[in-house]
Structures are given as C-alpha cells and as structure tokens.
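Subject: Structure for you to look at

Dear colleague,

I am handing over a structure that you have not worked with before. Please open it first, and then read the notes that follow it.

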Amino acid sequence: MNHFTKDWWKTFALMLGSVILMGFGVSLLVLTEMGTDPCSAMNYGIARTLGWSFGNYQLLFNTVLLILVVVLDWKLIGTGTIGNMVVVGYSADFFGWLWRSVFHIPTHLPLAIRIAILVPALLLFVIAAASYMHSGHGMAPYDAVPFALTEKIKQKTGKDCFKPVRLSIDLIATVLGFATGGEVGVMTILMVVLLAPVVELVGHLFERWGIGKQKEQC
C-alpha cells in the first residue's frame, strides 16, 4: 500500500482526466470535419471499413500493438496504458453520442462554427495527450512505440531522434487513415507537426514542476 501515496493519486487523477479530455477533444475534432489526430484518423477509417464502433476497434488495435511495446520496453506500460486504451475511444463515442443524440448537433456545421471549434479542440487534445504521457503512469501502445524506439536508437547512436521517429509513425497512420476514409484533414497535418514538440515541452515543464515521472526521455 506504500506505493499508493498522495502523489501517486495526484498523478493518477492527472492521467485519468487527461485521457477523458483526449476523448472529448477527438469528439470535437470530428465535428469540425477537418481531421483528428493521426492515430484516431486511422482507427476511425479502419473501424468504419469493418463496421465497428471506434471504441471497440481502438481497444483491439491497442491490444495488438501492446505486444510490440512489451518486447521493446515493458516499463512503459502502466495504468495509463489501460486508461488510454479503454477511456479515450469510449469517451469519444460517448461525447459523440451526446452531441448527436442529446444536443442534436447536425452532421455538417457551418464553416464559421467549425473553425471556432477547431483551435480550442486542437490545443485541448495536444496538451491532454502530452500531460497523460508524462504523468508517470505508462502510455498507450501507439504513444509508447516512438519513446521505446527512440531509446533503443539513442543507446546505440547517442542521438536524440524522438521528433523524427514520432513524425514518421504519425505520417504512416495519416496515410492509412486517408486510404481507409478516416478523419484526415488539415487538423491531422497540424497534429503531425505539433504533437512531438508539445510532448517534449510539457515533459520539460512537468520535470521542472516535479510532476509525474520521465520514464523515457530522449
């Protein structure tokens, strides 16, 4: 029980709140019809192709990818891994249902409203994603892979390569999302460009403030 300290519960709450906000952000990005993050864009496209819900496919995708993370660096797995695998997809489904079935938001919103939603939704998602990654409670398999690969490369070459590794993975996901009719758009491209540097920035801020734990820092 000594493991479950006051600080542990604080960072756990940070992680849980962050993954819920990520799902909320994804549901808002879907409303803009301008794309979501690369991973969600890919999973939305494949889920629709298979006739599955986003939450169900996201859970399956992360479960399969989890095997790779176990092989690369099992220390990146924690409560945040399960939180992201389960909570992001299903919270996005829940908020999406809320917008359509409770608030009756139309499928196609006017351009001005979509632009008004776009910027805060993007900032919310990116900051929430970076916060959960640095909470010290583990990462979703998709997010853990670039950290693990970067560390392996750094051990062999001594080079800092997180940004190009994350960029390459996001680009592959974007191409797959586009090919399967996923939520690919200008926001997806912005995510590819912004996510890696924001993750690094939030990590440095958390380290300065003494929040979370940097399990893998390049």
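**Aromatic residues**

F95 counts as buried, because its relative accessibility is 16% and buried means under 20% relative accessible area, with exposed meaning over 50% and partly exposed lying in between (1.4 Å probe, protein chains only). Before going further, please note that this is a predicted model, in which local features need pLDDT of at least 70 and side-chain atom pairs count only at pLDDT 80 or more, while totals for chains, interfaces and linings use all residues. Residues are numbered from 1 along each chain as its sequence is written, and side-chain values use heavy atoms, with hydrogens and water left out.

The structure holds 12 aromatic pairs, where rings of Phe, Tyr and Trp (its six-membered ring) pair if their centres lie within 6.5 Å, and planes under 30 degrees apart count as stacked, over 60 as edge-to-face and the rest as tilted. One of them joins W9 and F12, whose ring centres are 5.9 Å apart and whose planes stand at 80°, so this pair is edge-to-face. Both residues belong to helix α1 (residues 6-32), where they are three residues apart, about one turn of the helix; helices here are DSSP runs (H or I, at least four residues), numbered from the N terminus. W9 is partly exposed at 46% relative accessibility, and F12 is partly exposed as well, with a relative accessible area of 22%.

F24 and F95 also form an edge-to-face pair, with 4.9 Å from centre to centre and 75° between the planes. This pair links distant parts of the chain, since F24 lies in helix α1 and F95 in helix α4 (residues 79-102), 71 residues apart. F24 counts as partly exposed, at 23% relative accessibility. Together with F94, W97, W99 and F103, the residues F24 and F95 form one aromatic cluster.

**Surface and cysteines**

V186, I189, L190, V193 and L194 make a nonpolar surface patch of about 400 Å². L194 is found in helix α8 (residues 186-209), and its relative accessibility of 33% is why it counts as partly exposed.

As for the cysteines, the count of disulfides comes to zero, a disulfide being a pair of cysteine sulfur atoms within 2.5 Å. Are C39 and C161 buried or exposed? C39 counts as buried, because its relative accessibility is 8%, and C161 counts as buried at 9%.

With kind regards

Notes
Patch = residues over 30% accessible without salt bridge, like charges linked within 9 Å, V, L, I, M, F, W, Y side chains within 5 Å. Areas by Shrake-Rupley, 256 points an atom, 1.4 Å probe, with all protein chains shown as cover. Salt bridge = Lys/Arg side-chain N within 4 Å of Asp/Glu carboxyl O. Helix = DSSP H or I, 4+ residues; strand = E, 2+ residues; numbered from the N terminus.
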